[in-house]
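Please consult the sequence and structure shown here. The report is intended to be read alongside them.

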Amino acid sequence: MSSATKAERPNYVSTTNACKLCTPLGASLAFRGVEGAIPFLHGSQGCATYMRRYVISHFREPVDIASSALGEKNAIYGGGPNLKKGILNVMKKYEPKLVGIATTCLTETIGDDVPMNIREFRDEFGDLDLPELVEVSTPSYNGTHVDGWHGAVRSMVEQLCTAKAADAHRVNILPNMVSCEDVRHLQDICRDFSIAATILPDISETLDGPALEDYVKIPSGGTPLEDIQAMSGSRGTIEFGRCLPKQTGGTSLEKAFGVKNHRIGLPIGLRESDRFFEALEQISGKDMPRRYELERGRLIDAYVDGHKYVAGKRAVVYGEEDLVVGLTAFLAEIGVDVVLAGTGARKKGLENAIAHVTDGVARMAPDVREGVDFNDIAEEAETLKPDLLIGHSKGYKYAKAWSVPLVRIGFPIHDRFGGQRILHLGYKGALSLYDTIVNTVIERKQSDSPVGYGYI
Amino acid sequence: MSTTILEERKAQIHRTGEGAIDIACNRESLAGAVSQRACVFCGSRVVLYPIADALHLVHGPIGCAVYTWDIRGALSSGPELHRLSFSTDLQETDVIFGGEKKLEAALDELIDRHNPKAAFVYSTCIVGIIGDDLEAVCRKMTEKKGIPVLPVQSEGFKGSKRAGYLAACKAMFRLVGTEDVADVSPVSVNILGDFNLAGEIWIVREYFRKMGVEVVANITGDGRVRDVGRSHGAALNLVQCSGATLDLAKMMQEKYGTPYLRVSYLGIEDMADSLYQVADFFKDKDPGIVGRTEKLVRDELQTLMPELARMRKDLEGKKVAMYVGGSFKAFSLVKAFRHLGMQVVMVGSQTGTKEDYAELEQITDPGTVIIDDANPLELSHFIKEKDVDVFVGGVKERPIAFKLGVGFCDHNHERKEALEGFVGMLNFAREIHSSVMSPVWNFVPRRANRVAEAEKEAANE
């Protein structure tokens with residue numbers, strides 16, 4: 001079997017328990033990471049409501065996503081008027097600095113021309129103090145939530161950063177779909193490298209805010225618009241992802257303004273984190289601060305201390321393509337055999353990316369599958385007999401059925417608390433993942449043991 | 001230019017006692033208003049989802065299926081097919097060339113894999129636009145597979161959630177009358193509009209068992225295709241929830257002459273009253289039923305009331321706001337809160353009718369805000385204005401309450417606590433008590449600052 005056909009989903013027509021979400025959801029999340037922004041779905045009311053509910057269950061934060069709430073007449077005659085009316089209402093109620101407009105399958109198929117609608121809107125209401133309007137095309141029959149995320153990031157870069165800014169000691173980081181805690185960690189790292197960072201999007205505050213005196217219409221935090229506009233003047237862009245689309249916010253900045261784009265994997269595990277720190281050293285012109293040398297050293301120390309507990313354990317890893325690559329890189333380093341690496345996305349080059357990041361350390365090449373659902377994963381897992389499942393909450397049903405522990409990582413985490421505060425990135429993130437995984441294995445060993453050792 | 005209530009929304013808000021109630025409702029949600037409402041598809045999915053031995057296939061791109069994957073707490077005592085999320089996962093080429101072939105193939109493989117008793121095929125927005133002939137595919141697959149394959153016309157944009165209820169009832173009505181009813185008791189009911197959240201229908205069925213009433217079909221909590229097929233044999237339909245299954249009851253009344261009663265299993269009065277209504281209906285056929293029902297209610301209240309009284313001591317005078325899907329539930333909750341000594345100061349609903357809101361006006365205290373199709377800013381506005389202690393709603397409302405430092409009770413389809421029946425009233429009271437009386441509110445800025453200010457004032461005096 002050639003690797004190309006192996007990576008494709010082979011036989012089923014239907015999807016059972018999908019391992020992906022739809023494109024507008026990813027776009028909404030990305031828009032949520034900009035200061036003063038409100039996501040706006042151009043489609044029927046249900047899309048916005050369902051996605052809000054889904055996102056709220058993970059972050060436990062208010063998530064207001066507006067909708068053009070199209071009805072039957074709009075679907076026939078076009079959704080333009082409702083889109084405009086919706087933007088006006090959102091302006092009245094939320095006073096946003098940016099409205100991030102994502103299309104849906106409905107409006108893509110009825111052929112609404114959103115860029116034109118926005119131009120018309122600007123002409124008609126130019127006398128008002130208009131917010132920035134950014135649009136992204138996110139038909140849900142094309143790609144997954146990750147594509148929606150990357151699409152929204154690229155749209156923001158291209159539509160907001162339109163002029164060359166003065167050179168500044170800055171770095172752009174396009175972090176991919178990571179947790180709020182991850183973004184906070186990236187901010188700290190850049191601060192310690194004494195370089196100003198524009199992290200786009202920055203969901204660290206907007207999707208994990210403090211308790212406040214009042215209900216705020218739009219939470220504080222997020223990437224400031226001025227910073228996005230100034231991305232053209234940065235010393236370089238680091239974008240995380242080995243499965244990214246050809247064109248991204250990073251490539252756009254490079255093409256339009258010559259900002260060097262460093263495309264590296266999600267810094268999960270030792271080697272992928274090394275690459276991130278190397279890129280930062282290069283861009284900032286500063287050596288790695290001692291605290292990260294120490295973190296790196298502690299990580300290796302922990303790898304050694306715990307290696308026997310996890311050696312040769314068999315893991316099934318699933319979720320967003322780049323998260324799967326990062327986790328597989330990390331698991332290969334610690335001697336866990338990834339037996340199946342699966343994503344619901346298609347045509348992402350997952351197999352090559354995994355081969356690249358596990359090169360020289362993995363004891364075996366995992367079965368790499370794109371376009372999978374949980375039914376496919378379950379079928380494979382019967383013969384693969386994993387010791388661990390690693391991925392988001394939606395694998396719980398299967399973990400329970402097979403009596404295998406599920407290590408919850410990624411999005412969504414609907415059946416545990418604190419998913420937004422899981423740290424994945426950098427040496428510190430790797431250490432935290434490592435502790436979790438080693439302890440999960442030990443816990444299982446303890447509970448399976450008739451003796452239940454108190455010292456391990 | 002900020003306003004809390006948009007001009008176009010003002011007619012959808014009323015305050016009890018301030019003029020005649022003429023609330024606007026049953027409207028499409030306003031663009032840009034961030035409605036808490038979902039869509040037609042959502043309405044159908046809610047109603048049909050708990051039928052546990054049917055295949056539920058969502059025909060559309062992946063989103064509609066994943067966002068409704070096992071999100072509700074509808075339990076089954078047997079098969080669990082309903083808890084899986086099936087989709088045709090339409091791709092761009094399917095949208096261009098039409099999705100009928102893919103739908104047919106998906107049904108073929110899924111019916112073979114799972115051997116369901118029936119299949120429901122849900123139409124989504126995009127299917128309505130590309131014009132796949134669901135009816136024809138379903139007819140063909142019914143013949144091919146030998147089970148009912150039922151189209152559910154639930155295109156998201158074709159109305160509100162309420163329209164989805166009707167689509168679901170139409171699909172179910174095709175099943176009614178397909179099974180033999182020779183062995184059905186003359187003292188029998190169908191339970192409509194209960195979804196067995198956290199096993200609630202089992203509580204209610206136990207009451208009916210004690211009363212000597214046979215339950216023919218659960219529609220749809222812990223539901224079975226065969227039971228729906230023989231539901232026309234029941235002597236009476238009991239319809240809970242204002243909108244979801246009332247249409248089915250009406251269709252059954254018209255075609256089979258089955259009368260229906262509207263009931264509620266929430267709160268003490270409504271639970272007891274519902275059981276008494278059923279006893280009253282059957283007392284000619286079974287004279288002993290009234291006595292048995294009275295004993296049942298008496299026994300249940302004996303254990304319940306002292307516990308409630310204990311909690312009431314703490315809760316007396318606390319204020320409540322609620323935002324629910326159907327307003328029928330709100331009637332029961334207003335009464336339930338009175339038992340806890342609490343005052344309802346805001347009631348909202350996604351899909352209430354003029355009659356519903358008029359009735360709410362009747363049973364609420366002057367000044368109570370009644371609101372149709374609200375949104376986060378309006379809800380937070382009224383929570384603050386009324387200074388409420390606890391908010392009742394669903395997952396989307398929870399963080400609104402929590403951000404404002406207000407207690408919360410999940411009382412929608414995703415709840416994992418049984419809140420129906422007498423025991424449910426106790427669970428409900430405990431949940432309210434545990435949230436309202438939690439020490440965490442002391443640290444929430446809104447309350448903490450108030451305490452600090454009061455202390456400062458006291459020191460100045």
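The sections below describe the fold, the nonpolar cores, the salt bridges and a surface patch.

## Overall form of chain A

The model described here is predicted. Chain A contains 18 helices and 14 strands. Its radius of gyration is 22 Å, close to the 23 Å given by the globule rule for 456 residues, so chain A is as compact as a globular protein of that length. The C-alpha trace of chain A spans about 75 × 50 × 50 Å along its principal axes.

Of the 456 residues in chain A, 63% are buried. Among contacts in chain A with a separation of 6 or more, 76% are between residues 24 or more positions apart. The accessible surface of chain A amounts to about 16,700 Å², and carbon and sulfur atoms account for 49% of that surface.

In soluble globular proteins, nonpolar side chains tend to be buried together. The largest nonpolar core of this model has 150 residues, and those touching the most other members are A:Phe276, A:Phe330, A:Ile390 and B:Phe120. Apart from this core lies another, of 63 residues, which includes B:Ile201, B:Ala272, B:Leu315 and B:Leu333.

Which residues does A:Phe276 touch, leaving aside residues up to four places away in sequence? They are A:Ile173, A:Leu186, A:Ile189, A:Ile238, A:Phe240, A:Ile264 and A:Pro267.

## Salt bridges

Side chains of opposite charge can pair when their charged atoms come close. Over all chains, a search of the whole structure finds 59 salt bridges. One of the pairs is formed by the side chains of A:Glu295 and A:Arg291, with an N to O distance of 3.9 Å; the cut-off for a salt bridge is 4 Å. Both A:Glu295 and A:Arg291 lie in helix α13 (residues 290-310) of chain A, where they are four residues apart, about one turn of the helix. A:Glu295 is buried, because its relative accessible area of 9% is under 20%. A:Arg291, in turn, is partly exposed, with a relative accessible area of 41%. Elsewhere in chain A, a network of salt bridges links A:Glu181, A:Arg184, A:Asp208 and A:Arg421.

The side chains of B:Glu80 and B:Arg83 meet in a salt bridge at 3.2 Å, N to O. B:Glu80 is partly exposed, at 38% relative accessible area, and B:Arg83 also counts as partly exposed, at 25%. In the salt bridge between B:Asp94 and B:Lys102, the closest N and O atoms are 3.2 Å apart.

## A nonpolar surface patch

A:Val451, A:Tyr453 and A:Ile456 form a nonpolar patch on the surface of the model. Together these residues have about 360 Å² of accessible area.

Where in chain A is A:Ile456 placed? A:Ile456 is in the segment after α18 (426-448). The relative accessibility of A:Ile456 is 61%; because exposed means over 50%, A:Ile456 counts as exposed.

Terms used: Residues are numbered from 1 along each chain as its sequence is written. Chains are lettered from A and ligands numbered from 1 in the order in which they are written. This is a predicted model: local features need pLDDT of at least 70, side-chain atom pairs count only at pLDDT 80 or more; totals for chains, interfaces and linings use all residues. Side-chain values use heavy atoms; hydrogens and water are left out. Patches are made of residues with over 30% relative accessible area and no salt bridge: like charges are joined within 9 Å, nonpolar side chains (Val, Leu, Ile, Met, Phe, Trp, Tyr) within 5 Å. Accessible areas come from the Shrake-Rupley method with a 1.4 Å probe; for residues, only the protein chains shown count as cover. Helices (H or I, at least four residues) and strands (E, at least two) are DSSP runs, numbered from the N terminus. Buried means under 20% relative accessible area, exposed over 50%, partly exposed in between (1.4 Å probe, protein chains only). A nonpolar core is a set of buried Ala, Val, Leu, Ile, Met, Phe, Trp, Tyr and Cys residues joined through side-chain atoms within 4.5 Å. Contact means heavy atoms within 4.5 Å. The radius of gyration is taken over C-alpha atoms; the globule rule is 2.2 Å times the number of residues to the power 0.38.
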